[in-house]
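Let's take a walk through this protein together, one stop at a time. Keep the model open beside you and follow along.

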Amino acid sequence: MASIYARSVYSAESAYAPSTPIDEMSPIFPFGTPQSPDFPAEAYLTAQHLVQQVSYLLSDKLFVYSPQSFSLAEAATAWAATGQRNGHGDVTGVVPTETRLGAASVLLGYVLSKDLAQERRGMVQSIIASSASLIPMQSALSQLALLYGVSSPFVAHISALDYDVSKERLVTDYVTPLTVARDTGLALIATSSVHEAQDMALFATVVAEIFPVINLVDGVRVGRETGRVKGVVSRDEVYRIWESITGEFRGLEKKGCKGKKIARLLDALNAELGTGYQMFQYTGAEDAEEVLVVFGSVEASLGADVARHLNREGKKVGVVSVRVYSPFMEAEFLKVLPKSVKKIAVLGQVKDETEVHDETVSSLLFGDVFSAVTFSEEWSLPPPVVDVKYSRDQVWSPRHFGAIFEQLAGKEQVAVAEEYPKEGVQFLSGAGVNQYTFWDIDDAPTAKVSAVLARALATHRKNVSYTSTYDNAAQAGVIQSEIRRGDAVIEAPFHVDYADVVVVGDANIFKSFDILAGLKQGGTLLVKGAIKDEDLEKKLTKEVLKGLVLKDAKLFILDPTNEGESEDYESSLLELSFFKIANAGYTQESAAKKLASLSSPDVLKLVEKVPTALREVPVNKEWAAEPVVAEGEEAPEPVEAPVLPSVPTHSAFTINDAKLENTARGILKSSDHAAKLLSFKEAYGVETALRPDLPVKNFIVKVQANKRLTPNSYDRNIFHIEFDLTGTGLTYEIGEALGVHAHNDPKMVERFITFYGLNPEDIVEVPSRDNPDILETRTVYQSLLQNLDIFGKPGKKFYEALAPFATDDAEKKALLTLAGPEGATEFKRLAEVDNVTFADVLLDYPSAHPDFHELAKIVSPMKRREYSIASSQQVHPNSVHLLIVVVGWKDSRGRDRWGQASRYLSLLPIGASVTVSVKPSVMKLPPLSTAPIIMAGLGTGLAPFRAFVQYRAWQRDQGLPIGPVFLYMGSRTQREEYLYGEEWEAYLASGVITRLGCAFSRDQKEKIYIQDRMRQDLEWITEEYLGTETKEDGSVVTKGGAFYLCGPTWPVPDVSEVLMEAIGKDAERRGVKVDRRRELEVLKEGGRYVLEVY
Ligand SMILES: Cc1cc2nc3c(=O)[nH]c(=O)nc-3n(C[C@H](O)[C@H](O)[C@H](O)COP(=O)(O)OP(=O)(O)OC[C@H]3O[C@@H](n4cnc5c(N)ncnc54)[C@H](O)[C@@H]3O)c2cc1C
């Protein structure tokens, strides 16, 4: 059984009753944010809440370095805003601060300031931040450590958390805090569970009286998992304990042996709390022979649980979890290590996989443990110490620890591996704990069902724990949530892998995850969707049906289809259905009453709908049967099912911001209802997507991949971006382009709003992006972000239209001149050399200041940009791919300038929504699959050819004969710009591409361009492009080859010249005279010489 927490000193009063209404409830924090820092003795809380409580209550100022999406100090910020008193009787100053180089110097200035009021000197000053913020703070922290004798007490409460750009996921980063603590000399304390979070924050704050300190909690899982915490210390008690301990120790010299002083403070805290915390916490057999040393919240908690579990099986193992890493008190460490130990393994984090496999790199923790053991006089021959490294993106399960202990007993080398039977460490099942997993599309109306159920399932007798994960890449945004429920308080910081019930809100999710892997034998799967019995295999996939048989599971389908019902209807029906099948001790009526008390009484009326909407589908043994092969027939080749992940990749804490269409959040601050509603509508793309009056059909698609293809150090950013089309109905053909509606840069928009003196929330009517004849109602901010091309190039008409608004005569005259023939040269210079924008003109002529309604009429609307589609929908039915180069230059005023759409797209995170349309194209493949194709692409000009080649490969897979495929690609260097190089080579190796001609112009002394490569192949090109073939019936027909050139315009003349040479050669062979240029025109008209240049 995972840890059960109990502390005798504080008796339970009442369970914390959350007050957040359901419709305002976050899908990840069902119990909401505590309204005040005075917590009851028992409450549903996260470790983050507890850390915020202590830091708020004891600090004078709380400096917050948290990206908005991390919401590390949400509660503290709210308490300060509502004037909640801290332990000193004041309102804590919560100061949001940006993380940048030199961060923390604000704090440094504050704590060392001579001007600090006398009564504030000596008061605790704290930071709340993530690991990622520590590097830019390092130099300020070093100074603080040096000047600590004259500084106020200082604590940095750090969430071990970072975003790994290459892995596109959130990671638990201990490497940075450990390194910073070691390099700056700060003390470092770690928390292993939500139940310890308050105590450790308090401990860190008392330590701060003597040493500056980092208090560390895992920020990905433990910090944000909600659990019922018992024995929570109230506001007054927190203050009293802090004062009592610090009062006693205040006289201690700040210098001297740090470790010893910290140990004394910990004893004092234990005496106050009735706890038994140690600097190194040992769990396991007294006579353990194999001992694992761990650092970190999940590591400590899981390691101890697995060790206890193995002890019960008679295994002599144990775990030392490091609570105080810095200073590393070797004597204390050796004290807790069992004397019987024969082998020690150190589980230490390193940065990434490369470091895991690099034998020259050891973890920091290994270094400390190794020297403690090696230089100890305890042993004449010290036990071996092995380094077990893991990277920051490691997601732990009990199996990993089972496997580590198993290796530790037998092998010399120990590595992190999952090869350990799942059942071997199932300490939650059979211990009266029920487990439920929920999967849904992150912005689905039912995405909050799991959170509502967590609240409904939490009763006085039953405890729940709840955690959610956003995977912004899969299906362009999936939320997965887990509930555990039992009589005791549950602490299990790992994914549910033995669920009683798994609920899936959208069957598409089966395509991205092996969902059944987390269902227990005999469990129940509930899927929502209008799925008919005959569509089961198509919608749920063959593998899922087979899995249901193998797991002896039950299958329920909830079809919520009911015209005209609200979104709440679907959620309530799903909640009731869950209760119907989950055996959670509720009848339908009692469940409905419970749900009605949380949300709306309408739920009560839905009970009668459940029997018709919810049906059990008998699991058919045939689903797992091998296909029967008729006698004489050959068994079909077994088709390997793709290996899907069983758990989501934790890529964000929320639906990606950009999915909400970069609306006016942050800048639209007042409560103007109309403006808010408008922003909200747009946020979900309702306006554009559902307007039949627009000439082009728009779709809202979501980014599912966005990868830079050129090295970061290279000056050209060429990137590959993919959009998920699931459920959009968007279809495209080979060669078509995608129209993209980009946004202006929000920062530039904000600056313009300030400079022009606008109210971002005012409502205005602006021409639609798609059809300027249609007016849309938007806020000022939205219209500048999405409608008006305010940073685009003004034409003469703008100068002309602006002139009447100028109140300064000289300005009016100048504007009129620029609009007229005398100003033509200057106008050209402004447009082409200075690249001035509408905004620049307004800045340059300040007396011309039309109000925004007038301005909206004279600034051009933003235009969509087109991008050749780089994928074939036959191969990628649910996605569309683009290859884009970011346009960028320095203008004559020395400003960095960017192309609007290419820059916007390059910055889009996974999950962001984008409005797109499909544009027909001239880039058509010849009708015959056997017709030769010759393609020449420069840079991003390769995009449509990727689609062509994919399509030809698909044709071949369908059994069609395919003709020769020649691809000529040009770029500067192979190292930096070999775009899709590996793909081309694979197609060449598999025979889809017949000839690959690469021209890397700068890779050798003499410049080589695509026309040079083509010229080298002139014989072949002539034959395949213009040659003929004799058919079986003796007829001679042209091969019908087609030539395509795509990308920038400049190679057109040179490439055309090579084609004309081929035409000449062909004529020579045939012994005829031709007008080469005219022949090329004929080929063009016949669709066999196709240019797409931009
Ligand atoms: C059918 C078609 C297919 C296309 N396919 C692709 C594709 O696959 N990949 C791709 O990347 N692009 C493609 N494009 C080009 C694409 O549509 C955009 O034009 C391009 O991305 C630039 O748009 P932007 O909004 O980023 O730049 P904009 O905001 O439109 O800025 C471009 C403007 O910036 C100015 N500018 C640029 N560089 C400089 C400079 N050095 N000095 C001064 N001014 C400068 C010029 O005024 C230029 O017109 C395609 C275009 C078409 C028509």
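A search of the whole structure turns up zero disulfides, a disulfide being a pair of cysteine sulfur atoms within 2.5 Å. Take Cys-998, which is in no disulfide: the nearest cysteine sulfur belongs to Cys-1046 and sits 17 Å away. Cys-998 is also buried, with a relative accessible area of 17%. Here, buried means under 20% relative accessible area, exposed means over 50%, and partly exposed is in between (1.4 Å probe, protein chains only). Cys-257, at 39% relative accessibility, counts as partly exposed.

A quick word on what you're looking at: this is a predicted model, where local features need pLDDT of at least 70 and side-chain atom pairs count only at pLDDT 80 or more, while totals for chains, interfaces and linings use all residues. Residues are numbered from 1 along each chain as its sequence is written, and side-chain values use heavy atoms, with hydrogens and water left out.

Now find helix α2, residues 74-81. Helices (H or I, at least four residues) and strands (E, at least two) are DSSP runs, numbered from the N terminus. Which residues of α2 are buried? They are Ala-75, Ala-76 and Trp-79. These three lie on the same side of α2, because they cover an arc of only 95 degrees around the axis; the arc is taken from the directions from the helix axis to the C-beta atoms. The buried residues of α2 pack against α1 (47-58), β2 (59-65) and β3 (93-96), with contact meaning heavy atoms within 4.5 Å. After α2 comes Gly-83, whose phi is positive, near 70 degrees.

At 82% relative accessibility, Val-643 counts as exposed. Val-643 and Ser-512 are 131 residues apart in sequence, yet their C-alpha atoms are 9.5 Å apart in space.

Last stop: the second largest pocket. Its lining is made of 40 residues, and Arg-716, Val-885, Thr-940, Pro-1048 and Tyr-1094 lie nearest its centre. On a 1 Å grid over the protein atoms alone, a pocket is an open set of points where a 1.4 Å probe fits, with protein on both sides within 12 Å along at least five of seven lines, and lining residues have an atom within 4 Å of a point. β29 gives the most to this lining, with four residues.
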